[in-house]
Amino acid sequence: MASEVNKKQLNNTCGGMDHKLHRRLFLQGSFAGAASVASFQSLFSVPAFAESAQARGKRCILLWLCGAPSQFETWDPKPKRPTGGPFSSIPTSLPGVHISELMPKTASIMDKLTVVRSMSTEPSEHFQAIDLLTRGEQPRPPFTRPVMGSVLAKYLGQLDCPVPQFVLLDPCPEGNEFRAFKASNWAGWLGAEYGPVRFGGPYKLENVTYPKGLDTQDHSDREALRSFLSKKFANDHKAAAVQSYNSVFERVRGLMKAAPLFDLNSLLEADRERYGPGTFGMHALLARHLIENGSTFVMVANGMPWDCHVLNHETHQMLVPELDRIIFHLVNDLTDRKMLDDTLVLIMGEFGRTPWLNEARGRDHYPKAWSMAMAGCGLKPGVVYGATDENGVAVSDQPLDQRRLFATIYKALGLDPHMAYDLPDFPPFNRVEQDAAPVDELLA
Amino acid sequence: MRLMLSFQRSALLGCLTCLCSFAALGGEDILSTNVTSSIPVESNSPSVSTAWYAQPYGVDPAMVIDLALEASWRTHQLQPTAPADERVFLRRIYLDLIGRIPRPQETQSFLADTDVNKRILRIDALLQSEAHAVHLSEVLDAILIGRTDTEQLRRRTAAGWIDYLKRAIDQNRPWNEVARDALLARPSSPIDQGANWYLYARRDKPQEIAEAVSKDFFGVRIDCAQCHDHPLASEIKQQHYWGLVAFFNRSKNVDTPEGPAVSESAIGGFSEFSNLEGDSTPNELVFLGDRRVEETRPASGAKEEDRDELYVSSPGSTARVPKFSRREQFVERVLDGHPLLAKAMVNRLWAWMMGRGIVHPVDAIDSYHAPSHPELLDWLAGDFAASGYDVRRLLRSLARTRAYQLSSKEDAFVDPQWFSAAIVKPLTAEMLQRSMLVAFDPIEPSQWNSLEQRVMFSNAFPDVIAEESISNVTQGLLLTNGDSVNDLVSIKHSHFLQTLRDSKSSDASLIRLLFEALLNRPPDAEELVRCESFISSRPERRDQAIESAAWAIVSSAEFRFNH
């Protein structure tokens, strides 16, 4: 039954030949009349067109470990060192590389992963760090840089796809600073149409069927009139709030079509068992499902459970095995479906945790030396980049900041890391600032 | 005296440089004649442009605000937008002050009014209406306690909280008294019993109380000082967090025959908090600004004994009142006259009217969030306190400022922090719902006015003075496909649409009436043609076409925002 649903959905999606043809026509048509489509101008300028043709079909899943996991209990164990904690390390499928014993499944697929052990960033508070590690730059008010998901939705995404291009799966609305961040303007200067569709927890998709007495045609005629009136107003009210309001209506029809994709019950029982019963696992599975069906960027969050100021080891003992299982199945599933080459998986939080323990046996915030992991699209698999010293206090080799990380990610996805945004009345902004270079050793 | 003189000169200058606009505003205060669409010419006398913050408290705040903002526009070389026209102005004050759009007849009477003081007269009339009290009580309820479910809203209402707020606004009770009522929770008369709900709603969780009190009455979020001194705003100490907790940690919810109440114990509530370095500190009674209350701590290990003589309240009473009451100490010695009490309310009401706080976001009045106009905020806070925390006077002043009455139309991106264009504000759930009801005039109002409907709307549109207004797809789906909206905007359920349909008027005049009722303005030529043809091209389904056109207008951004 469930596979029946899946098959039906696949016909609706954006990967097939029909779609590609349609999209090409669409692009050609619009390209000829680019001047009349002001808001899409930057997309249709020649270099951007070339770029998006090349990058088309590339996708990204971000497992957002909000609150910040400990590198010691995951990717960069320091067994038997004073800072190492109680867990040992285990060998992996990469000769000579060890990771925490809490991640045995992931250890068996290390040859598919690309791990950075030398992240080094500045902000040590959640909100500022979440902001930095999702947008790639420090804030510069009043200008709001888009988060990476919005960038990918715009420059990799498929304009005519009913499936939302940027989805935030977030079953848990809590988590002080993350909650505050979620209320901020994610799409920034790209415009609200590139903001996320949120789902999970309180974000249930309701009202996805036609109102009584309205057929499809009535429904879209009515919306066309609404959109005409509403955009007239938006023409002389440039506030992000107004844009954001109009953009949600543009999504309504697509969401009505795509609503079955968000139905957790339509996922195969066997898959659900593999990913585990928790909401994080279920939403990681749903992320795979959405990516398979046409989404470009899916961010899987789950409140901010990783903020282990108290009882770090016990908390990691609970959380890391779940993460281990999810990474293992997600990467394997994408491999089996031959999707890993086009799908980039990012696994990270906003910083790492202190080498030392506090009085509550917690580890505190530590941006100076931390780890993150990636897999898939455009990356060299089986690489462990950078290193920290014997106690994990400082980066000892190949430090990497968020700019170079972002440059690497964009390059891996086929995007020019330094593209200049076309923003009239704005100071010059680039996709990644200061010409930060992508890391060649990480790229395929 | 010198100040006043230079001030009059400034007004005079304004009149000379601009003989245009806003003669209609006139009379009430001299500065409103200075309203102009161009930046006033810089005067030779420096005191003209710099003296505003030296004005004594008690002068017209609208005047001070105008001078301060005009000075900042000059400094930043900004051209403010044109003044809002009469229709826009009217819609704006109706929404901000009584929470709904004006009815067509209210607009017509305003347009026809030739009184030069008609703007201020209408502002005053709205501020004195019962509708204002209802509206502002809803706003304050959402800020002070927050969105909730049907059951909680029922309890909140039954406890008298909503009525308390309504009466406080209706009688224009000083804000410091309202704060005192809510935080002391010992009503001097049974009629104020409802104020207890502010603390009672926190269900005996002193940390939740502390975080709410700090945000609501002091405009400061202290949540993250729970584990350490605030890392970004160094004046917010961990001891303030735990100090504020201590002021409320002897309190306990009780149910009395008079209603929900908050009892207080005379003993206990001593503990130590640890920072991340593991240092322990006793939780003394201290809060921001180092406002401190001395209290004798029992020796460590000593057991305190609860005795009747420690209480003012008679033995056996449910809501106990100790002789040394931490809550009482808090309102007497911390809350009373605390500079943040005035500042937080000024900043919040400013944000309510202007669309953004001088400190943004509104509950971040700390050293990390710089105010856009620090001297102005200080002046207004001082003046607000000196006025006896007069909320209505402040709202009235804000509504009369030039900045408030500017057009929101802008042709390029403008940094909102300078208030050189009116900022569009999303309607709150209640405003949206009430405006729809006023426009469509349902045949069965109770169907749309029910507690369930209110809660559904307020959960779908929870924001009140949000840091950023970001719409979500849930809202788009609700407005597009939701039963309640589609039913309300139907000829079957709406008096207004029935009358339109039955009026036998031309499609063009029907569209005009729709625009007047929903958007408070006539359609422009393009809109008229488009909407008219929408209806005329569907002769066989005319009813549905009328409903669809009405839906298209009511779900457009122009209806959704106060602009």
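The account below turns to one helix and then to other parts of the structure.

Mentor: This is a predicted model, in which local features need pLDDT of at least 70, side-chain atom pairs count only at pLDDT 80 or more, and totals for chains, interfaces and linings use all residues. Residues are numbered from 1 along each chain as its sequence is written, while chains are lettered from A and ligands numbered from 1 in the order in which they are written.

Because 10 of its 12 residues are buried, α18(B) is largely enclosed by the rest of the structure. A residue is buried if 20 or more other C-beta atoms, placed from the backbone, lie within 10 Å of its own, exposed if 12 or fewer, and partly exposed in between. Among the buried residues of α18(B) are B:Glu430, B:Arg434, B:Met436 and B:Phe440. Just after α18(B), B:Asp441 takes a positive phi of about 50 degrees.

Elsewhere in chain B, helix α24 (residues 507-519) packs with helix α25 (residues 525-536) at an angle of about 120 degrees, their axes being 9 Å apart. Axes are lines fitted to C-alpha atoms, for helices over the stretch in contact, and angles run from 0 to 180 degrees between N-to-C directions. B:Asp507, B:Ala508 and B:Ile511 in α24(B) meet B:Leu528, B:Cys531, B:Glu532, B:Ile535 and B:Ser536 in α25(B), two residues being in contact if their C-beta atoms, placed from the backbone, lie within 7 Å.

Between the chains, 47 residues of chain A are in contact with 53 residues of chain B. On the side of chain A that touches chain B, β6 (197-199), α9 (216-235) and α10 (240-258) of chain A each supply at least two residues, and α10(A) gives the most, with 11 residues. Chain A itself has 14 helices and 14 strands, and 51% of its 444 residues count as buried. Residues 24 or more positions apart account for 74% of the contacts in chain A with a separation of 6 or more.

Technical notes
Helix = DSSP H or I, 4+ residues; strand = E, 2+ residues; numbered from the N terminus.
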